[in-house]
Structure formats: structure tokens, C-alpha cells
Amino acid sequence: MGLTFVRIEVRKSREFERAEFVEFLVDSGAVDSLVPGALLEKRGCKSYWQQEFVVSDGTKVARRVGDAYFEYQGVGGPAPVIFGERGDEPLLGVTTLESLGLVFNPFNRTLSPMRMLLAAAAGRPNRRRGIEHSGASQA
């Protein structure tokens, strides 16, 4: 078992040209990604609220939270981001992975495209055409 690191581009938004590459530790147990706050601010990102987190030793810490645009191998998307402070290491969490349409494969320790599903497309009644799938007859 080992650690997996990836280089991902971070910027304020899709249209924002100034970007910075960040070396992230992939953490499939983390919900949100963490980026150094100074880097986010330099790129024009703003925090919107403060959130309390529990670190691995059980200590509670407060960090600012906002959003950023992440891009990996030409695919990008916005995601919530934690503004890291001194001593915090960049982490890539699952909301960012999902925003990029990626999933972490723990067996070969790589990022792979996520299988995208549209659950609403199948098994729902098509009311526009008057089709009912309930099985009950209407009198």
C-alpha cells in the first residue's frame, strides 16, 4: 500500500486564466479538497464560511471554506475547497474527483473516468405521452 499524488490545476473559475499546479495527496476518505489558502487567495478565490474539522489525531480545527475550479488532463469542474493554513498538506477529496468525473482505483492507485449514470432516464413514467407504469388501470 502506498500514497498516491497527482498534479492538478487550480484557479478561481473556468474563465480565469491565471492557474497554479498543485501536487495533491489523493484522499478518498476526504469529502472536500484542501489547498493552501495563500495560493487560493492569490488566484482570486474567496472563502464564504468557516467550518470545524477533526484531524487524524482527534484535534478539532477551524478552516475557511470556499470554492475553486480544478482541472486534470483537460477536464475541469468547480468544487468546494478548504483554505489550508501553515502545516496543512494539499488533499484531493471525493467532491473534487466527482466534479471532474473521476474515481480513485485503490487497487492500481490511479484516477479513472467515472461511469456516469442518469437514474431518472429509466423506470419513470412518461407523463408527457400519457404512459403510466403503475400497473393500476384507470377507469
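Start with the largest nonpolar core of this predicted model. Select V6, I8, F24, L40, F70 and L111: of the 22 residues in this core, these touch the most other members. Then colour the elements that give two or more residues to the core, which are strand 1 (5–11), strand 2 (20–26), helix 1 (37–42), strand 5 (60–72), strand 6 (75–84) and strand 8 (102–105). In soluble globular proteins, nonpolar side chains tend to be buried together.

Stay in the core and centre on F24. Leaving aside residues up to four places away in sequence, F24 touches T4, F5, V6, I8, V10, L34, V35, F70, P90, L91 and L92. Two of these contacts, V6 and I8, are also in the selection made above.

Next, select E9 in strand 1. Is E9 buried or exposed? Its relative accessible area is 15%, under the 20% cut-off, so E9 counts as buried. Show the neighbours of E9: beyond four places in sequence, they are A19, E20, F21, Y69, F70 and E71. The side chain of E9 also makes a polar contact of 2.8 Å with that of R11.

Now turn to the charged pairs. How many salt bridges does the count come to? The count is seven.

Begin with R43 and E20, whose closest N and O atoms are 2.8 Å apart in a salt bridge. R43 sits in the loop between helix 1 and strand 4 (47–54), while E20 belongs to strand 2, and the two are 23 residues apart. R43 is buried at 11% relative accessible area, whereas E20 is partly exposed at 22%.

Move to E41 and R64, whose side chains form a salt bridge with an N to O distance of 2.8 Å. E41 is in helix 1 and R64 in strand 5, so this pair ties together parts 23 residues apart in sequence. Both ends count as partly exposed, E41 with 41% relative accessibility and R64 with 27%.

Select D88 and R63 next; their side chains meet in a salt bridge at 2.7 Å, N to O. D88 is partly exposed at 21% relative accessibility, and R63 is buried at 12%.

To finish the charged pairs, show E9, R11 and E71 together: salt bridges with shared partners join them into one network.

Zoom out to the whole chain. Two helices and nine strands are present, in the order β-β-β-α-β-β-β-β-α-β-β from the N terminus. Of the 139 residues, 32% are buried. The chain exposes about 9600 Å², with 52% of that area supplied by carbon and sulfur atoms. Of the contacts between residues at least 6 apart in sequence, 46% join residues at least 24 apart.

Last, colour by pLDDT. The chain has a mean of 86, and 82% of its residues reach 70 or more. Which element has the lowest mean pLDDT, and which the highest? Strand 9 (residues 110–113) is lowest at 88, and strand 3 (residues 33–36) is highest at 97. Where pLDDT is low, the predicted coordinates should not be read in detail.

How values were computed
Residues are numbered from 1 along each chain as its sequence is written. This is a predicted model: local features need pLDDT of at least 70, side-chain atom pairs count only at pLDDT 80 or more; totals for chains, interfaces and linings use all residues. Side-chain values use heavy atoms; hydrogens and water are left out. A nonpolar core is a set of buried Ala, Val, Leu, Ile, Met, Phe, Trp, Tyr and Cys residues joined through side-chain atoms within 4.5 Å. Buried means under 20% relative accessible area, exposed over 50%, partly exposed in between (1.4 Å probe, protein chains only). Helices (H or I, at least four residues) and strands (E, at least two) are DSSP runs, numbered from the N terminus. Contact means heavy atoms within 4.5 Å. A polar contact is a pair of N or O atoms within 3.5 Å; within protein, one must be able to donate a hydrogen and the other to accept it, and residues adjacent in sequence count only if both atoms are side-chain atoms. Accessible areas come from the Shrake-Rupley method with a 1.4 Å probe; for residues, only the protein chains shown count as cover. pLDDT is the predictor's confidence in each residue, from 0 to 100. A salt bridge is a side-chain nitrogen of Lys or Arg within 4 Å of a carboxyl oxygen of Asp or Glu.
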